[in-house]
Amino acid sequence: MSPLEIILSVLTAVLGSTSLVEIFSIRALRKKAQADAAGLTDQVLINRINFLDERLTALEKRACFRENCKQRM
């Protein structure tokens with residue numbers, strides 16, 4: 001092999017490996033962004049469930065399902 005072929009081979013290998021690293025890092029960033037978005041969506045749903053639970057508890061206290069309840073409206 002001539003020195004030019006060796007240099008071109010090394011250059012091709014280096015450029016090819018950097019492209020692969022870039023592709024893997026882009027995929028990792030995309031997966032991380034999707035996981036963050038899913039976590040945010042889950043947190044919104046959890047907050048909504050907690051709000052509805054508190055509201056239902058307050059309504060149950062007002063309704064007081066026992067017959068002798070003095071708080072019934």
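This is a predicted model: local features need pLDDT of at least 70, side-chain atom pairs count only at pLDDT 80 or more; totals for chains, interfaces and linings use all residues.

Modeller: Asp36 is partly exposed, with a relative accessible area of 47%; the term covers values between buried, under 20%, and exposed, over 50%, with a 1.4 Å probe and protein chains only. Residues are numbered from 1 along each chain as its sequence is written, and side-chain values use heavy atoms, leaving out hydrogens and water.

The side chains of Lys32 and Asp36 meet in a salt bridge, at 3.6 Å from N to O. The term means a side-chain nitrogen of Lys or Arg within 4 Å of a carboxyl oxygen of Asp or Glu. Side chains of opposite charge can pair when their charged atoms come close. Lys32 and Asp36 are four residues apart in helix H1, so about one helical turn separates them. The structure holds one salt bridge.

Helix H1 itself has 61 residues and reaches 90 Å from its first C-alpha to its last, close to the 90 Å expected at 1.5 Å a residue; the expected span is 1.5 Å times one less than the number of residues. The protein chain has one helix and zero strands, where helices (H or I, at least four residues) and strands (E, at least two) are DSSP runs, numbered from the N terminus. Just after H1, Cys64 takes a positive phi of about 45°. Of the 73 residues in the protein chain, 3% are buried.
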